[in-house]
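Welcome! Let us take a friendly walk through a protein model, one piece at a time.

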Amino acid sequence: MQERVKAKAIELLESGCRVLGWKAGEFFYDVTPAVFTSREEIERDFVFNPFCGANQSKYLIAESRRGGRVAAFLKPCDTYSFQQLQKEHRILRENVYAVGVQCPGMCDMDALRAAGLRGVTGAEDRGEKLLVHTLRGDREVDRSLALSERCRVCKSKKLLDCDEMIGQQGEELVSTRFTEVERLEAMTPEERFAFWRGELSRCIRCNACRNVCPACSCEKCVFDNPASGAENKAPASSFEENLFHIIRAFHVAGRCTDCGECSRVCPQHIPLHLLNRKFIKDINQLYGPYQAGADLETRPPLVDFQQDDPEPSIVGERGTNP
Amino acid sequence: MQVNQEFRPTIAAFCCNWCSYAGADLAGTNRLQYPADVKIIRIPCSCRLNPLFILRAFQRGADGVILCGCHPGDCHYTTGNYYARRRMTLLFSMLDYLGIERERTRVEWVSAAEGAKFAETMNEFVSTVARLGENRRLEDLRCKSE
């Protein structure tokens, strides 16, 4: 796959596009999105490996407006965000050449650690398997062991709105992604509060979740506004992180495609996707199934209404949080 | 706030200018009593209520927050309260998910003619929140006056 993607990158570059791809970071697993403008750069730096988890669609907002054409390699979940951003008129589609890349699920260093691998120095794609180099020699592990959480519960392998595809078109999947949300809902309010306090109090307000989120691409943000009373970078009180994460999750409610980038980049490993999934689950239950980014036409649930929508008091009436 | 050892909650009531705010007026002119713990904040439409306002109210010492707007179908701007209804449903569900007591937030539709309903709602809401006690889970100690 690496060779096919790289060859396609060179081909597109020579047809006059800038190329949005990945280059190696400091470690083998922190592969970084990058824009390539010359053949030498691509040959030297371009990588495509099982750790290319980053969602590329957000970078297309700026890149599609810089003039000229930009080519991007999008995984299925990236194409959902890509289409959602088009729906919000953020990406100029005519300036983007989108290459869909079949995705077998992306790997995660934390998953490798959890699988008991220590001293990992590198990893190679072997299709169903992953060849992991460690200080004590090489080991071959099942790729499913190394998958990140979001890829284990993948909602769709379908590539939307691509000009070209590398590999096979996939299908929407039946996902078990709400299982963890349901587990939390079944707890008592005290337990839930303790759970979230434990998770959110680790927040260091680095704003990485906001900066990486394709839906969080407003040019002005309440958390940058000193007059909002919510912009403090240093969490001085326990409430600070609650407020930040509730508002952030609320602001992307109905637009979040559940790509899972927020949890991937969190340096404190806070399961932020569980907040977004709660909103997605509630929207599906209360206002009918909705997948952000799945199409360009349907009205987003939070800028739509029905006259017989449930009243807010339903939250109390449902007894345990459903 | 503690006065004479008795806990008095602080309630922020966001009232739509076109209905509940006038409803509160009517309650006043009819000499209907409701606790002075309710601090009314006038907004142009229930749809104006940003979820951030609710969290900021809690942060700055509110023990309960109530939103009053026009009955669905009666919005001065035709559809504002329908959008507010969806937003508040989702927000309240999220607060519940985070383990915040669900009785601390409420939405009530009160028209300009329902002064009695306004007073009754406020009496009931204040006693509910007073029973829950002080808001500890969403407070911000830096913002509290005491």
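## A covered strand in chain B

Strand β5 of chain B, residues 64–69, is mostly covered, with 6 of its 6 residues buried. A residue counts as buried if 20 or more other C-beta atoms, placed from the backbone, lie within 10 Å of its own. Strands here are DSSP runs of E with at least two residues, helices are runs of H or I with at least four, and both are numbered from the N terminus. On one face of β5(B) the buried residues are G64(B), I66(B) and C68(B), and on the other they are V65(B), L67(B) and G69(B).

This is a predicted model, where local features need pLDDT of at least 70 and side-chain atom pairs count only at pLDDT 80 or more, while totals for chains, interfaces and linings use all residues. Residues are numbered from 1 along each chain as its sequence is written, and chains are lettered from A and ligands numbered from 1 in the order in which they are written.

## The neighbours of β5(B)

Which strands pair with β5(B)? Strand β3 of chain B (residues 11–16) runs parallel to β5(B) and is joined to it by 5 bridges. C15(B) stands opposite C68(B) in that pairing. Strand β6 of chain B (residues 105–109) also runs parallel to β5(B), again with 5 bridges, and here V65(B) faces T105(B). Two strands are said to pair if DSSP finds at least two bridges between them.

Together, β5(B), α3(B) and β6(B) make a right-handed β-α-β unit. Right-handed means that, with the strands pointing away from the viewer, the path from the first strand over the helix to the second runs clockwise.

## Two crossing helices

Helix α1 (residues 20–29) and helix α4 (residues 115–132) of chain B have axes that come within 7 Å and cross at roughly 90°. Axes are lines fitted to C-alpha atoms, for helices over the stretch in contact, and angles run from 0 to 180 degrees between N-to-C directions. The helices α1(B) and α4(B) are therefore roughly perpendicular to each other, a label for angles of 65 to 115 degrees.

In α1(B), S20(B), G23(B), A24(B), L26(B) and A27(B) meet G115(B), F118(B) and A119(B) in α4(B). By class, this contact has 5 nonpolar, 3 polar and no charged residues. Ala, Val, Leu, Ile, Met, Phe, Trp, Tyr, Cys and Pro count as nonpolar, Asp, Glu, Lys and Arg as charged, and the others, Gly among them, as polar.

## Two sheets in chain A

Now to chain A. Its 5 strands in the order β2-β1-β3-β4-β8 form an open sheet with mixed pairing. The edge strands, each pairing on one side only, are β2 (32–36) and β8 (164–166) of chain A. Inside this sheet, β3 (residues 69–74) and β4 (residues 96–101) of chain A run parallel, joined by 5 bridges, and V70(A) has V96(A) as its bridge partner.

Another open sheet has 3 strands in the order β5-β6-β7 of chain A, with antiparallel pairing. Its β5(A) pairs with β6(A) (residues 129–134) over 6 bridges, and A123(A) stands opposite V132(A).

## Where the chains meet

How many residues of chain B are in contact with chain A? There are 32, and they touch 35 residues of chain A; contact means that C-beta atoms, placed from the backbone, lie within 7 Å. On the chain B side, α3(B) gives the most, with 14 residues. By class, this side has 16 nonpolar, 5 polar and 11 charged residues.

Conventions
Two residues are in contact if their C-beta atoms, placed from the backbone, lie within 7 Å. A residue is buried if 20 or more other C-beta atoms lie within 10 Å of its own, exposed if 12 or fewer, and partly exposed in between; C-beta atoms are placed from the backbone. Angles under 35 degrees count as roughly parallel, over 145 as roughly antiparallel, 65 to 115 as roughly perpendicular and the rest as oblique.
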